[in-house]
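Let us walk through this structure step by step. Keep the sequence and the 3D view side by side as you read.

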Amino acid sequence: MSALSAASQPKLRAGCRLSDSAQQGDVLLIPEGVLRLVGPGKKILERCDGLRNVSEIIRDLQSEFPAVDPARIESEVNTFLERLHQKGVLDIG
Amino acid sequence: MMASGPLSLIAEITHRCPLHCVYCSNPLEMQARQCELPTEIWANVFASAAQLGILQLHLTGGEPLARPDLSELIATARKASLYTNLITSGVGLSEERLAALVEAGLDHIQLSFQDSQEAAANEIAGTRAHALKIELARLIKRQRLAFTMNLVVHRQNLDRLPEMIALAEELAADRLEIAHVQYYGWALRNRDSLLPTRSQWERSLEIITAARKRLEGRMRVDFVGPDYYAKYPKACMGGWGRSVILIDPAGRALPCHAAGVIPGLLFDNVQDRDLRWIWEQSPAFRKFRGEDWMPEPCRSCDRRTQDFGGCRCQAMLLTGDAAATDPVCTLSPMHGVVESITSSFHEVPTARPDWVYRIDPVSAVR
């Protein structure tokens, strides 16, 4: 398995998208599945455009949320993207 | 018990199909073409489904491509905010038609394969479709949508599982779904030729576990085991009336594909009743919802919130009582029924099976 690294430029794979359902809130729709996005999930995904790498996504969120511990943001982003990568939801460039 | 909201809608938009698979999940009595719902009623159903909180639509059949309005149906579903998944044999798909479906908003396509070997695949399907499917897989990869390769496995093809997984890799599927045959309808008729031996099943589990690990992050591998060898039953449909609504070609709403085998259940039609009423109030959806209907050992079992007592249709078909514990459960007092079936299969016979092929609904009605 190709590993996710700080230089990876993740984006959602074809057939994976954020829901625009008014009823169900923030969910990621994937083939045969629905992943509920809690906490910073949606904010992270919105930055997964295939251009920014993981380090840049982390820095971006750290500057947008200066009140949050930067180490916590870094670990949350890494954990979240690793979990999505294992589910086969990401192209990691 | 109060109904929680459904998440998925399975739309069997037609029972017509150019394939005759010996394990088809359609009922033995199918709906004919003249009974099929028109485009505008399906569009209303999709809008009602989205309002109920449903997120995903599975367009299936029969062969959904048999409907000329398929791209219109996809467009209306997408407009209603549904994630659309097409479950297809591929017969009836061309490069142009595929592009039109994607343009209409198709998110995911599941292309079924019967085997890795052409002759064996065509024997199961009762038609020559294998070569076309390989061609289509290459066309699908040029489009922006998720691609699942569906493989139904059974005694006749299980020994080629590594080859079949290799085919999925070669065709670069995003996801591989390997499902053991479930014994309802046509598959039940052909059970004697489809049920794997215990050693085949155990070997298949090892192969799939290894493939899953090797392909992680590249290709998702989902697996449905053979009920008859399970220790506990599957959480059929995620529990009766808990997350899925199935609508047949004529508009009848069912809690699952096979529910028609249960005597005494009346299935309301989306042409007569609002989808929300059907979900929340209709007797068929309430019949086995929750735990009130459960017999022992389910009623006091810790697993009742995981498997919901298993499959009602299987209980009906194997014990004659739809409200019995699913007899595949090793805790079921009727488990001997299943054991006596599995214990009679130790070797794979070499004789060519005498298949009962699925027929087309046009010839099924008088």
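This is a predicted model. Start in chain A with an open sheet of three strands, in the order β2-β3-β4. The pairing is antiparallel. Strands of a sheet pair through backbone hydrogen bonds. At the edges lie β2 (17–18) and β4 (33–36) of chain A, and each pairs on one side only. Now look at β2(A) and β3 (residues 27–30) of chain A: two bridges join them in the antiparallel sense. Within this sheet, L18(A) stands opposite L28(A) in β3(A).

Next, follow the chain into the loop between β3 and β4 of chain A, where E32(A) sits. Its phi is positive, about 55 degrees, although E32(A) is not a glycine. Most residues other than glycine have a negative phi.

S81(B) lies in the loop between α2 and β3 of chain B. This residue counts as buried, because 20 other C-beta atoms lie within 10 Å.

Now turn to the peptide bonds. Most peptide bonds are trans. The bond from G61(B) to G62(B) is cis, with omega near 10 degrees. G62(B) belongs to the loop between β2 (56–60) and α2 (70–79) of chain B. The bond from E296(B) to P297(B) is also cis, with omega near 5 degrees. P297(B) is in the loop between α11 (283–286) and α12 (304–307) of chain B.

Finally, see where the chains meet. The contact takes 20 residues from chain A and 22 residues from chain B. On the chain B side, β3 (83–88), β5 (146–153) and β7 (220–224) each give two or more residues. That side holds eight charged, seven polar and seven nonpolar residues.

Conventions: Residues are numbered from 1 along each chain as its sequence is written. Chains are lettered from A and ligands numbered from 1 in the order in which they are written. This is a predicted model: local features need pLDDT of at least 70, side-chain atom pairs count only at pLDDT 80 or more; totals for chains, interfaces and linings use all residues. Two residues are in contact if their C-beta atoms, placed from the backbone, lie within 7 Å. Helices (H or I, at least four residues) and strands (E, at least two) are DSSP runs, numbered from the N terminus. Ala, Val, Leu, Ile, Met, Phe, Trp, Tyr, Cys and Pro count as nonpolar, Asp, Glu, Lys and Arg as charged, and the others, Gly among them, as polar. Two strands pair if DSSP finds at least two bridges between them. A residue is buried if 20 or more other C-beta atoms lie within 10 Å of its own, exposed if 12 or fewer, and partly exposed in between; C-beta atoms are placed from the backbone.
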